[in-house]
Amino acid sequence: MCYGNSTFGGGIKLIEVKNVTKKYGSFVAVNNISFTVNDGEVVGFLGPNGAGKSTTMNMITGFIEPTEGTIVVNGNDIMKKTKKAKKDIGYMPENVPLYNDLTVKEFVSYMAELKLVKKAQRKEEVEKVLKQTGLVEVQNKLTKNLSRGYKQRTSLAGALVGNPEVLILDEPTVGLDPKQIIEIRNLIKELGKEHTVMVSSHILSEISQLCDRVIIINKGEIVAIDKPENLEDKTKEQNIVYVTVEDKEDKMSTIKEKIPEILEIKMIKDNEDGTKQYQVISDQENDIRKILFDVLPKEEITIFELKKAETSLEDAFIKLVDDATEEYNKKQAEKERKEKEEFEKELQEEEEEIKRKKEEKAKKKEERAKKKQEKAKEKQEKKENKKNEKEQSKEEGGKN
Ligand code: ADP
Ligand code: MG
């Protein structure tokens, strides 16, 4: 299962997740994610608790519907050709949901029936799977009486029966002790030779050795997709060294000026024996250790200990998730700021509209009053005119 590049360009796409979003009410559990898993690949699906791993796996296996987007498994749209698509998938959900009153063998047989394994082949298929998962010895035990490790195996057997192309395993090592973890890991490694596997975990180191690629998810968004070794490199942007020194004249405070390769230096420990530990950060190209060994003695600084900080894959994972969380929080804060701004703008517009209407009303009222006044004036004038006319005609009549 070793590929020469990180793109897996030549493989047939067995799982295609395209712009998939899942909302629970207004809560976005999975936000517009896209990725593919190619034929024969073992892909790790990693993320802290609540990242959206189970939600995504439940959508790939057709147990819940995406709010938006499409999922195609081995050429079949999981929402449109559910039966056909499901036949190619073996799913081991999280928390090992078993039927307590069935024996191991009965459970696996029942799963075979659900998987539409033909009756004539069922016995043989169940026996094969029990052997494969190391369950032959416990096949007649009730599943409720099994240890956690065997329960996990039984659930895996249920996923495996019917020989599906794709195996979706949701946190198969959760709750197991280190020995059991190694056993399950080896089992998955074996299965990876014959199947395409997507396996989730919240602990990277636990499954990184198994995987051709890892997909890292955090807060419903994909943070990185790459080979495990590349992820490690990605986060190694700085070179960090820890140095413990005896420095009676406090010359370390000026050492940064003397060594231009140092980006940052800070004291992290003031030991009781008079020594101090510093963290020295330089850029990636420079291994600062050689320079420190050369320069510090010349400054009469005695080196007691000098060590390089190694970024482990786990550190890489944590850093990616932390960076993504920071990015997410920033985006969220920006979103809230914009919403507030818009709300305030709307409020202001509303107030202005009210003010404008009020003014308009007052203006109209004024106009009406003015018109009324004019009319009254006109009436008065007419009245007076008439009166005048009358008086005039009276006068003229009197003259005649
Ligand atoms: P993971 O498997 O990575 O731990 P999940 O997919 O189980 O994460 O959950 C992702 C997020 O969606 C979590 O915040 C969880 O609380 C929420 N969630 C999961 N299922 C439901 C549900 N049925 N209703 C509401 N919220 C849910
Ligand atoms: Mg989960």
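Biologist: Two strands are said to pair if DSSP finds at least two bridges between them. In this predicted model, what makes strand β1 (residues 13-24) and β2 a pair?

Modeller: Eight bridges join β1 and β2, and the criterion asks for at least two; the two strands therefore count as paired. Their pairing is in the antiparallel sense. Within this pair, Ile15 stands opposite Val37 of β2, and Tyr24 faces Phe27 of β2.

Biologist: How many residues lie between β1 and β2, and which residue in the turn has a positive phi?

Modeller: Two residues separate the strands of this hairpin. Gly25, in the turn, has a positive phi of about 65°.

Biologist: Why is one side of β2 (27-38) and of β5 (76-77) left without a neighbour in the sheet?

Modeller: The sheet in question is open and has four strands, in the order β2-β1-β4-β5, with antiparallel pairing. Because β2 and β5 stand at its edges, each has a single partner strand, and one side of each is without a neighbour. Helix α1 (residues 53-60) lies across β1, β2 and β4 (68-73) of this sheet, and runs at about 120° to β1.

Biologist: What is the strand order of the open sheet formed by six strands?

Modeller: The order is β6-β7-β8-β3-β9-β10, and the pairing is mixed. The edges are held by β6 (89-92) and β10 (221-226); each has a single partner strand, so one side of each lacks a neighbour in the sheet. Direction ignored, neighbouring strands of this sheet are turned by 15° against each other on average.

Biologist: Turning to the helices, how is the relation of α3 to α5 classified, and why?

Modeller: The axes of α3 (residues 104-114) and α5 (residues 148-160) come within 8 Å and cross at roughly 25°. Angles under 35 degrees count as roughly parallel, and α3 and α5 are therefore roughly parallel to each other. The crossing of α3 over α5 is right-handed. On the α3 side the contact is made by Val104, Phe107, Val108 and Met111, and on the α5 side by Thr154, Ala157 and Gly158. By class, this contact has five nonpolar and two polar residues, with no charged ones. Gly158 belongs to the polar class because Gly is counted there.

Biologist: How is the protein divided into domains, and what are their bounds?

Modeller: Domain 1 covers 13-234 and domain 2 covers 238-310. These bounds come from an automatic or database domain assignment. The C-alpha centres of the two domains lie 48 Å apart.

Technical notes
Residues are numbered from 1 along each chain as its sequence is written. Chains are lettered from A and ligands numbered from 1 in the order in which they are written. This is a predicted model: local features need pLDDT of at least 70, side-chain atom pairs count only at pLDDT 80 or more; totals for chains, interfaces and linings use all residues. Axes are lines fitted to C-alpha atoms, for helices over the stretch in contact, and angles run from 0 to 180 degrees between N-to-C directions. Angles under 35 degrees count as roughly parallel, over 145 as roughly antiparallel, 65 to 115 as roughly perpendicular and the rest as oblique. A crossing is left-handed if the near helix is turned anticlockwise from the far one by less than a right angle, and right-handed if clockwise. Two residues are in contact if their C-beta atoms, placed from the backbone, lie within 7 Å.
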